[in-house]
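Q: I would like to learn how to read the features of a protein model, one at a time. Could we look at one together?

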Amino acid sequence: QVLLVESGGGLVQAGGSLRLSCAASGRAFSSSAMGWFRQAPGKDRDVVAAISWSGTFTYYADSVQGRFTISRDNVKNTVYLQMNSLKPEDTAVYYCAVSDAPGAQVMGARGSRGVRNWGQGTQVTVSS
């Protein structure tokens, strides 16, 4: 079991930046891929970015490629999502997740089906 706690959400104007953090506890963190998902009202929870257990490989949804960067610190048991050039369509609740597999591409392909544990979510609102 991995406990995940997100922080860093908030309100920002279009074009601005935010950095989300996800602190994890539990032995499985350093051997599992981690990811960020988001869910807007009335929509599915979709994967935004994923990172392999070692931090070497990443996956990004097309909608955020080039604007968002996922990273992790296995000493601090923390995963980050740096979000730049934010757009109103990025508005959603963002969830941190730990995968049941070590690879980023697998997590990206499987989406919610491959998630072992979820964080509680943090709201990101981008105003136009």
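A: Let us begin with a charge beside aromatic rings: Arg45 lies over the face of Tyr95, at 3.6 Å from the ring centre, and the charged end of Arg45 also sits over the ring of Trp118, 4.5 Å from its centre. A charge is said to sit over a ring if NZ of Lys or CZ of Arg is within 6 Å of the ring centre and within 35 degrees of the ring normal. This is a predicted model, in which local features need pLDDT of at least 70 and side-chain atom pairs count only at pLDDT 80 or more, while totals for chains, interfaces and linings use all residues. Residues are numbered from 1 along each chain as its sequence is written, and side-chain values use heavy atoms, with hydrogens and water left out.

Q: How many aromatic pairs are there?

A: Rings of Phe, Tyr and Trp (its six-membered ring) pair if their centres lie within 6.5 Å, and planes under 30 degrees apart count as stacked, over 60 as edge-to-face and the rest as tilted. By this rule there are 2 aromatic pairs. In one of them the ring centres of Phe37 and Trp118 are 4.9 Å apart and the planes stand at 75°, so this pair is edge-to-face. The pair links distant parts of the chain, since Phe37 is in strand β4 (residues 34–39) and Trp118 in strand β10 (residues 115–118), 81 residues apart; strands here are DSSP runs of E with at least two residues, helices are runs of H or I with at least four, and both are numbered from the N terminus. Tyr95 and Trp118 also form an edge-to-face pair, with 6.2 Å from centre to centre and 80° between the planes. This pair, too, links distant parts of the chain, with Tyr95 in strand β9 (residues 92–99) and Trp118 in strand β10, 23 residues apart. Together, Phe37, Tyr95 and Trp118 form one aromatic cluster.

Q: Is Phe37 buried or exposed?

A: Buried means under 20% relative accessible area, exposed means over 50%, and partly exposed lies in between (1.4 Å probe, protein chains only). Phe37 has 0% relative accessibility and therefore counts as buried, and Tyr95, at 13%, counts as buried as well. Trp118, at 31% relative accessibility, counts as partly exposed.

Q: In what order do the strands of the open sheet lie?

A: Strands of a sheet pair through backbone hydrogen bonds, either parallel or antiparallel. Two strands count as paired if DSSP finds at least two bridges between them. Here 4 strands form an open sheet in the order β1-β3-β8-β7, with antiparallel pairing. The edge strands, each of which pairs on one side only, are β1 (3–7) and β7 (68–73). From one strand to the next the twist averages 15°, where axes are lines fitted to C-alpha atoms (for helices over the stretch in contact) and angles run from 0 to 180 degrees between N-to-C directions.

Q: Which residues face each other across strands β3 and β8?

A: Strand β3 (residues 18–25) and strand β8 (residues 78–83) are joined in the antiparallel sense by 6 bridges. Cys22 stands opposite Val79 in β8, and Ser21 has Tyr80 of β8 as its bridge partner. Strand β8 is also joined to β7 by 6 bridges, again antiparallel, and there Phe68 has Met83 of β8 as its bridge partner. Strand β8 is mostly covered, with 5 of its 6 residues buried.
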